[in-house]
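Q: I would like to go through this model with you, one topic at a time. Could we begin once it is on the screen?

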Amino acid sequence: MGELVKLDERFDKAVLQLTIGPAPANIVSAPLMEALTSALDESEKNKNCKLVILTGEGKHFSYGASVEEHAPKEVGKMLPNFHKLIGKMIAHPVPILARVQGRCLGGGFEVAMACHFLFTETTAQFAVPEIKLGVFPPPACALLPLKVGDVRANEMVLTGENFSGEDLYRLGMANDCAPSDQMGEIDKRIQLFVEKKILPKSSSSIRMATHASRLFMREHFQKYIEKLELLYLKDLMRTQDANEGIMAFIEKRPAVWKNQ
């Protein structure tokens, strides 16, 4: 897995921390998806593991998915694989805690919202900005209405604007929100959460309860992600503006919309 996903066993192997990289962007690329899937498989095999902590290397969680892999020749392979990763995270028997600071955008935000817990710093930036590239985020379209309700989900998907960590906590998407100006505060709160609320529990009972608590979300995601994937690949990618938006980003120029 090299530098893409770094593993760190903590609390006598009861907690596995996964750090995605490389910094500063921690892009959710095809190789990183494969490495993260492998790391999650390892946590599942360890019957003593009670929690997985997922974070980004450096100052940010993730700038998002690889835009280059959204190009017409790549997206047909990339998108289904990304959806499999999100589905795997939602169904993972060991709960996953996203530790977020800095930017958490696009596919990175979708990875974070697939986690069971989310701890963030106040000034962290969350967004699904795909609409600015002429496309839409399928996993977010499936999950955000469950997380924040229809009104806020529409706002996030249709505007692509940023929300702070404080915003996410207020909306009920984050379990805790640590002040960004207090060095190490987010890690102190996560450690306290682990020690007080996770470690005293039975690992087998945690896995059963995780399976039960995620039953609705798993079935909901599987019901809609195939339809959203088809809409993206068969309809959206046939439009001129979707292809223009992706290519404009890759070529580092303003998009020229034709509204078709």
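Q: On the other side of helix 1, which residues are exposed?

A: This is a predicted model. In it, Glu34 and Lys45 are exposed on the other side of helix 1.

Q: And which residues of helix 1 are buried?

A: They are Leu32, Met33, Ala35, Leu36, Ala39, Leu40 and Ser43.

Q: What do the buried residues of helix 1 pack against?

A: Their partners are strand 1, strand 2, strand 3 (51–56), helix 2, strand 4 (96–100) and helix 8 (203–213).

Q: How far apart are the end C-alpha atoms of helix 1, and what should the helix span?

A: The end C-alpha atoms are 23 Å apart. Helix 1 covers residues 30–45, and at 1.5 Å a residue its 16 residues should span 22 Å, which agrees.

Q: Take alanine 39. Where does it lie, and is it buried or exposed?

A: Alanine 39 lies in helix 1. Its relative accessibility is 0%, so alanine 39 counts as buried. The C-alpha atoms of alanine 39 and leucine 7 are separated by 7.7 Å, although these residues are 32 apart along the chain.

Q: Now strand 1 and strand 2. In which sense do they pair, parallel or antiparallel?

A: Strand 1 (residues 5–10) and strand 2 (residues 15–20) pair in the antiparallel sense, over 6 bridges. Valine 5 stands opposite isoleucine 20 in strand 2.

Q: Which residue in that hairpin takes a positive phi near 50 degrees?

A: That is phenylalanine 11; the hairpin has 4 residues between its strands. Lysine 13 lies in the loop between strand 1 and strand 2, and it has a positive phi of about 70 degrees although it is not a glycine. With a relative accessible area of 47%, lysine 13 is partly exposed.

Q: Where is asparagine 259, and what is its phi?

A: Asparagine 259 is in the segment after helix 10 (240–250). Its phi is positive, near 60 degrees, in a residue other than glycine. Asparagine 259 is exposed, with a relative accessible area of 72%.

Q: What about serine 66: buried or exposed?

A: Serine 66 counts as buried, because its relative accessibility is 10% and buried means under 20%. Serine 66 lies in the loop between strand 3 and helix 2. Not counting residues up to four places away in sequence, serine 66 touches Ile27, Val28 and Ser29.

Q: Changing topic: how many residues does the largest nonpolar core have?

A: It has 63 residues, and those with the most contacts inside it are Leu18, Leu54, Met89, Val100, Phe109, Leu144 and Leu168. Helix 2 (residues 72–91) gives the most to this core, with 8 residues. A second, separate core has 13 residues, including Val15, Phe117, Ile190 and Val194.

Q: What does valine 100 touch?

A: Among its contacts are Phe61, Ala112, Leu118, Phe119, Phe126 and Ile186, not counting residues up to four places away in sequence.

Q: What is the strand order in the open sheet of 3 strands?

A: The order is 5-7-8, with mixed pairing. The edge strands are strand 5 (103–105) and strand 8 (163–164), each pairing on one side only. Strand 5 and strand 7 (residues 125–127) pair in the parallel sense over 3 bridges. In strand 7, glutamine 125 is the bridge partner of arginine 103.

Q: Finally, the whole protein. How many helices and strands are there, and what is the radius of gyration?

A: There are 10 helices and 9 strands. The radius of gyration is 18 Å; a compact globule of 260 residues would have a value near 18 Å, which agrees. Of the 260 residues, 52% count as buried. Among contacts between residues at least 6 apart in sequence, 71% join residues at least 24 apart.

How values were computed:
Residues numbered from 1 in each chain as written. Predicted model: local features only at pLDDT ≥ 70, side-chain atom pairs only at ≥ 80, totals over all residues. Heavy atoms only, no water. Core = buried A, V, L, I, M, F, W, Y, C linked by side-chain atoms within 4.5 Å. Buried < 20%, exposed > 50% of the residue type's maximum accessible area, 1.4 Å probe, protein only. Helix = DSSP H or I, 4+ residues; strand = E, 2+ residues; numbered from the N terminus. Contact = heavy atoms within 4.5 Å. Pairing = 2+ DSSP bridges. Expected span 1.5 Å × (residues − 1). Rg over C-alpha atoms; globule rule 2.2 N^0.38 Å.
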